[in-house]
Amino acid sequence: MLRTHRVLYSQAGPSSGDWQPLNFDGEAFHLKGTGELARALLVLRLCAWPPLVTHGLALQAWSQRLLGSRLSGALLRASVYGQFVAGETQEEVEGCVRQLQALGLRPLLAVPTEEEPDSAAQTGEAWYEGNLDAMLRCVDLSRGLPESPDLAGKTLMQLKVTALASTRLCKDLTSWITKPGVSSELSPERLAEAMDSGQNLQVSCLNTEQNQHLQASLSRLNRVAQYARDQQVRLLVDAEYTFINPALSLLVAALAVRWNSPREGGPWVWNTYQAYLKDTHERLRRDAEAAHRAGLAFGVKLVRGAYLEKERKVSQLRGTEDPTQPDYEATSRSYSRCLELMLSLVSHHGPMCHLMVASHNEESVRQATKRMWELGIPLDGPVCFGQLLGMCDHVSLALGQAGYMVYKSIPYGCLKEVIPYLIRRAQENRSVLQGARREQALLSRELWRRLLGRSRRLPH
């Protein structure tokens, strides 16, 4: 089926005119108010301070005891929460989305789900069923957001598998999958059939309780995918830790078998690939070929990765080989190779292959935009860009103003739910936060320009 779209874009060749690289020097900051820029500079500098990130949860508890919940909450809303979170109510989220759309940006909603609680085993399926309800509400919220006519079929949201299936189950499945000579009882096709039929699935490597939980988890995942498909919302599945990634990939592959067929207008379920892992390029190539053979659409969110420190610690504790790239330069080379592979696939397979270039790295974004031009991939085609809300705005705004599809990952919810989530994510993304020095410098320059009343230099 993919062959019917072969060289859909590449036949066109490069777009007319010379290649004009985008300008990421902060010129697009003129679109934002002075208060927004000042808050961004303050928050990014605070988040780049290691002690604040390391002891964030303790500092939050201390501030509540010292200042009281109301004053502490007001300070958070005016700073960290206001910078990285869309809001708590539907009206606040819609207001945030309208602001983004005015800047040429689009929303990618994310339910701020924390790790499963220690009591999850005692509460049975209740915690996961609660998360299912939250995911379904996120689909409704995503679908109900203000949108322009050109957004039809381009509404996206994030999905975390371990919010609907236990980490323990994913560990057990991974242990079984990675053994040599695994039988077909854990094939994506068999799991997809169980999702569709609702029949009890019995896997020999799991006990009765685990099999029941697997069946319930498959049902939850399928319900979200089906509802998202009905509401025209595409699901971008988050990557997690390598010790459960094989199981996550299996579950995503099962969803893809069911929901990424051409008759469904897919891909409705995308997987995330982390370039900081040594085997990512090979897995990406293998998964793309498997989708091609099966006649399935293929959706990818390409990231550098956020769990570097923990991955290395886990491999040291287990005495196993470090799965991560040796340094940042190697990770960048891996990202570049994966990006080149995916853009080539998009140029040959058209709407059957979708890509989100999820990167804060200016060079990666430049590479993507230049290759899109060289391959004749239209700006409103199946390639989009993604960054976090409140970060990398000098790149996001430049892309959006140039006509590219740019999504900002947007968590939402009340302070009690979101602040622990933000602190965990900050701890996972230390290198990204500490590496935002260029953005801080650009923000500072723009604020000084406004303070001194200087006019902006126009590009030649």
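A residue is called buried when its relative accessible area is under 20%, exposed when that area is over 50%, and partly exposed in between, as computed with a 1.4 Å probe on protein chains only. Ser444 is buried by this criterion, because its relative accessible area is 17%. The model is predicted, so local features need a pLDDT of at least 70 and side-chain atom pairs count only at pLDDT 80 or more, whereas totals for chains, interfaces and linings use all residues. Residues are numbered from 1 along each chain as its sequence is written, and side-chain values use heavy atoms, with hydrogens and water left out.

The protein contains 19 helices and eight strands. Both are DSSP runs numbered from the N terminus, helices being H or I with at least four residues and strands being E with at least two. Of the 460 residues in the protein, 53% are buried. Contact here means heavy atoms within 4.5 Å. Among contacts between residues at least 6 apart in sequence, 78% join residues at least 24 apart.

Helix H1 covers residues 34–47, and at 1.5 Å a residue its 14 residues should span 20 Å, which agrees with the 20 Å between its end C-alpha atoms. The expected span is taken as 1.5 Å times one less than the number of residues. Within H1, Leu37, Ala40, Leu41, Val43, Leu44 and Cys47 are buried. Ser444, which belongs to helix H19 (residues 437–452), touches Leu41 and Arg45, residues up to four places away in sequence not being counted.

Lys32 lies in the segment before H1. Lys32 is buried because its relative accessible area is 15%. Leaving aside residues up to four places away in sequence, Lys32 touches Leu37, Leu103, Asp393, Leu397 and Arg450.

The interior can be described through its nonpolar cores, each a set of buried Ala, Val, Leu, Ile, Met, Phe, Trp, Tyr and Cys residues joined through side-chain atoms within 4.5 Å. The largest nonpolar core has 121 residues, of which Phe298, Leu355 and Phe385 touch the most other members. Apart from this core lies another, of ten residues, including Leu108, Leu236, Met356 and Tyr407. Phe298 has among its contacts Pro267, Tyr273, Leu284, Asp287 and Met342, again without residues up to four places away in sequence.

Empty space is the next topic. Rolling a probe the size of a water molecule over the atoms shows where empty space is left. On a 1 Å grid over the protein atoms alone, a cavity is a set of points where a 1.4 Å probe fits but cannot get out, and a pocket is an open set with protein on both sides within 12 Å along at least five of seven lines; lining residues have an atom within 4 Å of a point. Grid points are joined across faces, edges and corners, and a volume is the space filled by probe spheres set on the points.

The second largest pocket has a volume of about 1200 Å³. Its lining comprises 45 residues, with Asn245, Pro246, Ser249, Arg283 and Arg286 nearest its centre. Elements giving two or more residues to this lining include helix H9 (188–197), helix H11 (245–259), strand S4 (269–274) and helix H12 (280–294). H11 gives the most, with eight residues. The lining divides into 23 nonpolar, 13 polar and nine charged residues; Ala, Val, Leu, Ile, Met, Phe, Trp, Tyr, Cys and Pro count as nonpolar, Asp, Glu, Lys and Arg as charged, and the others, Gly among them, as polar.

A search of the whole structure finds two cavities of 30 Å³ or more. The second largest cavity has a volume of about 70 Å³, and among its lining residues are Asn245, Ser249, Asn271 and Arg283. H11 supplies the largest share of this lining, four residues. The lining divides into four nonpolar, five polar and two charged residues.

Two backbone positions complete the description. Most residues other than glycine have a negative phi. Gln232, in the loop between helix H10 (208–230) and strand S3 (233–237), has a positive phi near 65 degrees. Cys392, in the loop between strand S7 (383–388) and helix H16 (393–401), has a positive phi of about 60 degrees. Gln232 is partly exposed, with a relative accessible area of 30%, whereas Cys392 is buried, at 2%.
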